Amino acid sequence: MNKALGLVLACLAAAGASIHATDWPEFRGAGRLGVWTETGIVETFPADGLPVLWRTPIKAGFSGPAVANGRVFVTDFDPIELGEAPPVDAGVLAGALNRFSGMERAHALDEKTGEVLWNHQWLTGYGALAFNWAIGPRATPTVDGDRVYVLGAMGNLVCLDVETGQVIWQKDYVADYGADVPPWGFSGA
């Protein structure tokens, strides 16, 4: 698990135990302003550190979590062995399966317990990315009411139902719009 993401999730869990925190539904918080308006926050950490209330394994990636209405939304990348690749329709991948292939995943977790409520995954290949960037999604999920929007590194944009994780709609920037994949992948939140 990404150490920074683990720390964020542990802090969210610890904060959620004592007070009700304001939601953080997108990159840089509500309105993407980067302003945190909470009060009553601890001034110093206890000598033994914050108590860990829950842990949930998350694989590789660069995206941060979004928190809304008692749920934590986060994305990751789970590499697959080439022999394990599920069957896919022609055109699903921009390139052939390779050692940078795997499943990009969106997860919804219970904010209080860390229980996985649902996940949605899609097969992708990172062969078009620079080697150093081939390890996961970059864009923080965006929650808007009953929908959560997730963008994969290769340009797969998915709108999911917040409660169930069911796909409402999806677009592929490369296949649908002819976009070129940047060397670091798509990262707009």
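Modeller: Strands themselves are DSSP runs of E with at least two residues, numbered from the N terminus. Keep in mind that this is a predicted model, where local features need pLDDT of at least 70, side-chain atom pairs count only at pLDDT 80 or more, and totals for chains, interfaces and linings use all residues. Residues are numbered from 1 along each chain as its sequence is written, and side-chain values use heavy atoms, with hydrogens and water left out.

Now the sheet. Four strands make an open sheet in the order β1-β2-β3-β4, with antiparallel pairing. Because β1 and β4 are the edge strands, each with a single partner, one side of each has no neighbour in the sheet. From one strand to the next the twist averages 25 degrees (axes are lines fitted to C-alpha atoms, and angles run from 0 to 180 degrees between N-to-C directions). At the β1 end, three bridges join β1 to antiparallel β2, and Ala-68 has Arg-71 of β2 as its bridge partner.

Next, the aromatics. Rings of Phe, Tyr and Trp (its six-membered ring) pair if their centres lie within 6.5 Å; planes under 30 degrees apart are stacked, over 60 edge-to-face, and the rest tilted. The whole structure has four such pairs. In one of them, Phe-73 and Trp-118 have ring centres 6.2 Å apart and planes at 50 degrees, so this pair is tilted. Phe-73 belongs to β2 (residues 71–79) and Trp-118 to β4 (residues 116–125), 45 residues apart. Buried means under 20% relative accessible area, exposed over 50%, partly exposed in between (1.4 Å probe, protein chains only). Phe-73 is buried at 1%, and so is Trp-118 at 7%.

Beyond four places in sequence, Trp-118 has contacts (heavy atoms within 4.5 Å) with residues including Ala-106, Val-148, Leu-160 and Gly-165. Gly-165 lies in the turn of the β7–β8 hairpin, with a positive phi of about 80 degrees. Five antiparallel bridges pair β7 with β8, and Val-158 has Gln-170 as its bridge partner.

Key: Two strands pair if DSSP finds at least two bridges between them.
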